[in-house]
Amino acid sequence: MARHLITASAQMGPITKSETRRDTVARLLAMMREAHGRGAKLVVFTEMAQTTIFPRWMIEDEAELDSYYETAMPSAATQPLFDEAAKLGIGFYLGYAELVTEGGAKHRFNTSILVDQTGTIIGKYRKVHLPGWAEPLPNRAFQHLEKRYFEPGDLGFPVWRSMGGIMGMCICNDRRWPETYRVMGLQGVEMVMLGYNTPFGHLNTQPMDSLTLFHNHLSMQAGAYQNATWVVGTAKCGNEEGSQMGGQSVIVAPSGEIVAQAVTVEDEVITAKCDLDMGRIYKDTVFNFAQHRRPEAYGLITERAGVILPE
Ligand code: CDT
């Protein structure tokens, strides 16, 4: 029997600092209903989908910082999303900043969850590749302090059987690293969902800036093809508190081809009918991992983080 999953990517335009969780959840609900109206059984929301992207600022007041995190999921504010998902029979991916207190110590993660079509959380992922820096850099309009505000994810890259397929998650900067997809690929992943927010000007290098959108797609298309999986990438985009972020959310087929793409930098729903068996042809041939991979030659991948030049 064909395994088709109509999937939506619900791109999100800017969220101002003054917008409440109630406001942002109302926007997410509207997009969930639109996705459902187009037949979608799964909607992928973005990274930190309920608040403005706060790592762009140095925040010294702990109470203010804590206000951007969720301490429970569902939270009171997000409960309507879970209720609507169950009512409509649509699953969702949601990114948020997570605060866990254990033994009196606070732990902060950049997290996403996968919720199935009954409104039940079936998976959690914590972002492994945190971009940016831990201390504010001088002379910058915006920081990117993810290394200050989050710990690296401690859950690895698991996959889950749900929605009729094998589903995996990652978050934003993770999409640039081949290891992200390959670890899920080795578990047979059929769809990788991810939210991202990618500001222009973050490296203060104009030449690279002009390639930001190209690199966004390049990373996801390569990850999809090389692991024979669907990739659904959902942006938080537009001009948010003066920081311009790229859009172009996409649904990428296991062939590496883009089959749907957002054209605005606002709230926008795109959909595609994803055949979860489409990766089979690649998994059985050019990317038959058991037949062709040579782990004995890949030791450095797990032994070494940075480059060591030869003598
Ligand atoms: N959110 C996120 O991971 N963004 C990064 C850019 C950060 S700028 C230092 C990205 O890889 O898109």
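A pocket, as I use the word here, is an open set of grid points where a 1.4 Å probe fits, with protein on both sides within 12 Å along at least five of seven lines. With that in hand I turned to the structure, which is a predicted model.

Entry on the pocket. I looked up the largest pocket and found a volume of about 540 Å³. I then asked which residues line the largest pocket and which of them lie nearest its centre. The lining has 18 residues, and P178, E179, R182, I301 and T302 are the ones nearest the centre. Two or more lining residues come from each of helix 5 (178-185), helix 7 (212-227) and helix 10 (299-303), and helix 5 gives the most, with four. Sorted by kind, the lining holds nine nonpolar, five polar and four charged residues.

Entry on the cores. I noted that the largest nonpolar core has 41 residues, and that L42, M191 and M193 have the most contacts inside it. Setting aside its neighbours within four places in sequence, I listed the contacts of L42, among them L5, I6, I90, F92, L114, M163 and M167, as well as M191 and M193 themselves. I also recorded a second, separate core of 26 residues, which includes A8, V25, A40 and V269.

Definitions and conventions
Residues are numbered from 1 along each chain as its sequence is written. This is a predicted model: local features need pLDDT of at least 70, side-chain atom pairs count only at pLDDT 80 or more; totals for chains, interfaces and linings use all residues. Side-chain values use heavy atoms; hydrogens and water are left out. A nonpolar core is a set of buried Ala, Val, Leu, Ile, Met, Phe, Trp, Tyr and Cys residues joined through side-chain atoms within 4.5 Å. Buried means under 20% relative accessible area, exposed over 50%, partly exposed in between (1.4 Å probe, protein chains only). Contact means heavy atoms within 4.5 Å. On a 1 Å grid over the protein atoms alone, a cavity is a set of points where a 1.4 Å probe fits but cannot get out, and a pocket is an open set with protein on both sides within 12 Å along at least five of seven lines; lining residues have an atom within 4 Å of a point. Grid points are joined across faces, edges and corners, and a volume is the space filled by probe spheres set on the points. Ala, Val, Leu, Ile, Met, Phe, Trp, Tyr, Cys and Pro count as nonpolar, Asp, Glu, Lys and Arg as charged, and the others, Gly among them, as polar.
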